[in-house]
Amino acid sequence: TPDGVCEAVMDFIVANTPADVDKHKQIVFDPFCGHGTNLKEAKKRGFSVFGIDNNEECVKKCEEVLKD
């Protein structure tokens with residue numbers, strides 16, 4: 001997924017999250033996390049993130065992306 005699309009999706013989620021909700025207590029779950037682009041964007045915006053993928057190489061890449 002291109003980064004711009006992921007940013008737009010996360011901007012939409014943030015804009016539609018009630019102001020009184022603690023984002024750190026909200027989990028963005030990505031069941032097909034791939035390289036973790038969506039999770040990276042969610043994490044940058046303060047959400048807790050959790051992702052899975054059936055491709056081991058994708059999981060390793062996702063873990064690298066989320067370390068930063």
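**Salt bridges, core and aromatic pair in a predicted model**

Asp11 and Arg45 form a salt bridge, with their closest N and O atoms 2.8 Å apart. A salt bridge here is a side-chain nitrogen of Lys or Arg within 4 Å of a carboxyl oxygen of Asp or Glu. Asp11 lies in helix H1 (residues 3–15) and Arg45 in the loop between H2 and strand S2 (48–51), so the pair ties together parts that are 34 residues apart in sequence. Helices (H or I, at least four residues) and strands (E, at least two) are DSSP runs, numbered from the N terminus.

The model is predicted: local features need pLDDT of at least 70, side-chain atom pairs count only at pLDDT 80 or more, and totals for chains, interfaces and linings use all residues. Residues are numbered from 1 along each chain as its sequence is written, and side-chain values use heavy atoms, with hydrogens and water left out.

The structure holds five salt bridges. Arg45 also forms one with Glu41, where the closest N and O atoms are 2.7 Å apart. Glu41 forms another with Lys44, at 3.3 Å between the closest N and O atoms. Both Glu41 and Lys44 lie in helix H2. They are three residues apart, about one turn of the helix.

Buried means under 20% relative accessible area, exposed over 50%, and partly exposed in between (1.4 Å probe, protein chains only). Glu41 has 1% relative accessibility, so Glu41 counts as buried. Arg45 is buried too, at 19%. Asp11 is partly exposed, with a relative accessible area of 43%. Lys44, at 58%, counts as exposed.

The nonpolar residues come next. A nonpolar core is a set of buried Ala, Val, Leu, Ile, Met, Phe, Trp, Tyr and Cys residues joined through side-chain atoms within 4.5 Å. The largest such core has eight residues: Met10, Val28, Cys33, Leu39, Ala42, Phe47, Cys62 and Leu66. Helix H2 (37–44) and helix H3 (56–67) each supply at least two residues of this core. Val28 is in contact (heavy atoms within 4.5 Å) with Met10, Leu39, Ala42, Phe47, Ser48, Val49 and Phe50, leaving aside neighbours within four places in sequence.

Helix H3 also holds Glu63. At 49% relative accessibility, Glu63 counts as partly exposed. Glu63 and Leu39 are 24 residues apart in sequence and 10 Å apart in space, C-alpha to C-alpha.

The structure holds one aromatic pair. Phe29 and Phe50 form this pair, which is stacked: 5.6 Å centre to centre, 20° between the planes. The pair links distant parts of the chain, with Phe29 in strand S1 and Phe50 in strand S2, 21 residues apart. Rings of Phe, Tyr and Trp (its six-membered ring) pair if their centres lie within 6.5 Å; planes under 30 degrees apart count as stacked, over 60 as edge-to-face and the rest as tilted. Strand S1 covers residues 27–30. Phe29 is partly exposed at 44%, and Phe50 is partly exposed at 47%.

Phe29 and Phe50 also belong to a nonpolar surface patch of about 420 Å², together with Ile27 and Ile52. Patches are made of residues with over 30% relative accessible area and no salt bridge: like charges are joined within 9 Å, nonpolar side chains (Val, Leu, Ile, Met, Phe, Trp, Tyr) within 5 Å. Accessible areas come from the Shrake-Rupley method with a 1.4 Å probe; for residues, only the protein chains shown count as cover.
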